[in-house]
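Please look through the sequence and the 3D structure shown here before reading on.

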Amino acid sequence: MKKIIISLCILLNIMLSATEMEMIDTNGTSYKVYAQDEEFKIEGMKGKVVFLEFFGLRCPACKELMPSLIKLQKKYPEKLKVMAIEVQNNDIDPIKEYKRNHGINYTTFSNYDVGLVVRYMADNAGWAGKIPFLAVIDSKGKVQVLKIGTVPEESLEKYITQYSK
């Protein structure tokens, strides 16, 4: 009986700490997300480094980071997937227009369509709302880097090289 109770407690702990979520991008594509501890696995991203960026349409620092993300997404389409969540409460249409006007070639999301992802990052990565915020997820789905503010393009490129193995 004691072994059964211990096993149930362990199973319950695992179930409570693992989170399954869904994100729907501005084109309507759905991505399942599985997160537990340092893992943050996004459906279809296995083998790719993911830059999960939290940005805002009215954020000057976000605009500063954007050209590097565009360039690197173009340069490393097989190794990198940039996914950007707009967190200043904009609907899909303004984000799509912004994406078109700025030549963004990576996946974008409205924070209205990412379910628990924003809350999960706030609770588990210590994100307090400052943008840009970047989570670098390696090719195996493990969060490797969390950065607030702009990141030099050279550093971003090093992340791709280092974490795509």
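## A strand with two faces

Strands (E, at least two residues) and helices (H or I, at least four) are DSSP runs, numbered from the N terminus.

This is a predicted model, in which local features need pLDDT of at least 70 and side-chain atom pairs count only at pLDDT 80 or more, whereas totals for chains, interfaces and linings use all residues. Residues are numbered from 1 along each chain as its sequence is written, and side-chain values use heavy atoms, with hydrogens and water left out.

Strand E2 (residues 30–36) runs antiparallel to E3, and 4 bridges join the two; strands count as paired if DSSP finds at least two bridges between them. Ala-35 has Phe-40 in E3 as its bridge partner. The two strands E2 and E3 form a hairpin with 2 residues between them, and Asp-37 in this turn has a positive phi of about 55 degrees.

Which cysteines does a disulfide join? The link runs from Cys-59 to Cys-62, with an S to S distance of 2.4 Å, and a disulfide is taken to be a pair of cysteine sulfur atoms within 2.5 Å. The count by this rule is 1 disulfide, and the link of Cys-59 and Cys-62 is right-handed, with 80 degrees about the S-S bond. Cys-59 is buried because its relative accessible area is 6%, and Cys-62 is buried because its relative accessible area is 2%.

Helix H2 (residues 60–75) has 16 residues, which at 1.5 Å a residue should span 22 Å, and its end C-alpha atoms are 24 Å apart, which agrees; the expected span is 1.5 Å times one less than the number of residues. In H2 a kink of about 30 degrees lies at Met-66, shortly before the proline Pro-67, where the bend is the angle between axes fitted to the seven residues ending at a residue and the seven starting there. The buried residues of H2 include Cys-62, Leu-65, Met-66 and Leu-69. Among the elements that cover the buried residues of H2 are strand E4 (49–55) and helix H5 (153–163), contact meaning heavy atoms within 4.5 Å.

In helix H4 (residues 117–124) the buried residues are Val-117, Val-118, Tyr-120, Met-121 and Ala-122, and their cover includes strand E1 (19–24), E2 and E3. Just after H4, Gly-126 takes a positive phi of about 75 degrees.

Asn-89, placed in the loop between E5 and H3, has a positive phi of about 60 degrees although it is not a glycine. Asn-89 counts as partly exposed because its relative accessibility is 47%.

## The whole chain

The chain has 5 helices and 8 strands, and 46% of its 165 residues are buried.

Note on methods. Buried means under 20% relative accessible area, exposed over 50%, partly exposed in between (1.4 Å probe, protein chains only).
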